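Morning, everyone. Today I'll talk about pockets. Here is the model on the screen.

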Amino acid sequence: MTMKAVVISSPGGPEALEVREVEDLPAPGDGEVLVKVAAAGVNRADTVQRQGKYPPPPGASLYPGLECSGTILALGANVPPRWAVGDQVCALLTGGGYAEKVVVPTGQLLPVPEGVSLTDAAGLPEVACTVWSTVFMTSHLSPGESFLIHGGSSGIGTFAIQIAKHLGIKVFVTAGSEEKLAACKDLGADVCINYKTEDFVARIKEETDGKGVDVILDNIGGSYLQRNLNSLAVDGRLFIIGFMGGVVTEVNLAVMLARRLTVQAAGLRNRNLTNKAQIVSEVEKNVWPAVVLGKVKPVVYKTFPLSEAAESHKLMETSSHIGKILLIP
């Protein structure tokens, strides 16, 4: 038996992605299920993996894909009784989403929320787990606080705006075009800043009477570090989840001491199974009810067939999309 999967032929540009007939997956092991993939989310991390700069952790699938939705085809041993063959699920993956089937540890499964289509559900696990585990579980972003999201129109951004607004938080975003800022405003963002035409530090100071914001979610890294620190209020927290602006910079740390600032960084992929299961469980408890109520909706910009994985990466790398990009096997 074989299945279709996207293989990285050799590290490089989008054209390195090839759909191939590959060996079928082994039966699910202890505490695992086999899922027939309905859709897979495309994430920026996948493009970095394709370039050879983000290798899968030991034991992970070599095929890209960090999230999917689909139907349970088979159960391994010791699977909790809540899961059955035929269940519609979405899942956080360590890899392997760009394929017709994938094996998933049960701690990383989520039910498809009521009111969300099976396809669209593929766009939820990575953003929900990333945002919840960082600014909520770690930075303790709380109702009544203020929150700056860089790249407000990204998959992460469109989700973060909605969950923060639902929880009574004042939301600031940066994005690079009027169209993207309009999309952020429609999702509930309070203050929308065009980083190409405005100095976001000055605008935040102006909007907060010089105080700054409580929490920042940042995917830029180096080139924004000083400006992010300068934008934070007393006891402010900066959470870094990406380095699109590089990893090296020179910074004046005085502001950290003066305003008791915290800088944190984390990813999801290299966490252990227990840690991922804990995050997924918190997401189901805290985020899923808001999705069922329609307060948080997956924002899907475009879907591509699996055979056009290269096109999906080209789109991701132009950053012209608003929300999530999905692949359909």
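First, a term. A pocket is an open set of grid points with protein on both sides within 12 Å along at least five of seven lines, and its lining residues have an atom within 4 Å of a point. Keep in mind that this is a predicted model.

Let's take the second largest pocket. Its space comes to about 500 Å³. How many residues line the second largest pocket? The count is 28. Nearest its centre lie G59, A60, S61, T94 and V103. Now the elements. Strand β6, residues 101-105, and helix α8, residues 273-286, each supply at least two lining residues. Which one gives the most? That is β6, with four residues. By class, this lining has 12 nonpolar residues, 10 polar and six charged.

On to the largest pocket. About 1100 Å³ of space lies there. Its lining has 43 residues. Look for R44, N219, I241, G242 and M244, which lie nearest the centre of the largest pocket. Five elements you can find on the screen give two or more residues to this lining: α1 (44-50), α2 (125-136), α3 (155-166), β9 (170-175) and β15 (324-328). The most comes from α2, which gives four residues.

What about the classes in the largest pocket? The lining divides into 20 nonpolar, 17 polar and six charged residues.

To recap: β6 gives the most to the lining of the second largest pocket, and α2 gives the most to that of the largest. Thanks. Over to you.

Notes: Residues are numbered from 1 along each chain as its sequence is written. This is a predicted model: local features need pLDDT of at least 70, side-chain atom pairs count only at pLDDT 80 or more; totals for chains, interfaces and linings use all residues. Side-chain values use heavy atoms; hydrogens and water are left out. On a 1 Å grid over the protein atoms alone, a cavity is a set of points where a 1.4 Å probe fits but cannot get out, and a pocket is an open set with protein on both sides within 12 Å along at least five of seven lines; lining residues have an atom within 4 Å of a point. Grid points are joined across faces, edges and corners, and a volume is the space filled by probe spheres set on the points. Ala, Val, Leu, Ile, Met, Phe, Trp, Tyr, Cys and Pro count as nonpolar, Asp, Glu, Lys and Arg as charged, and the others, Gly among them, as polar.
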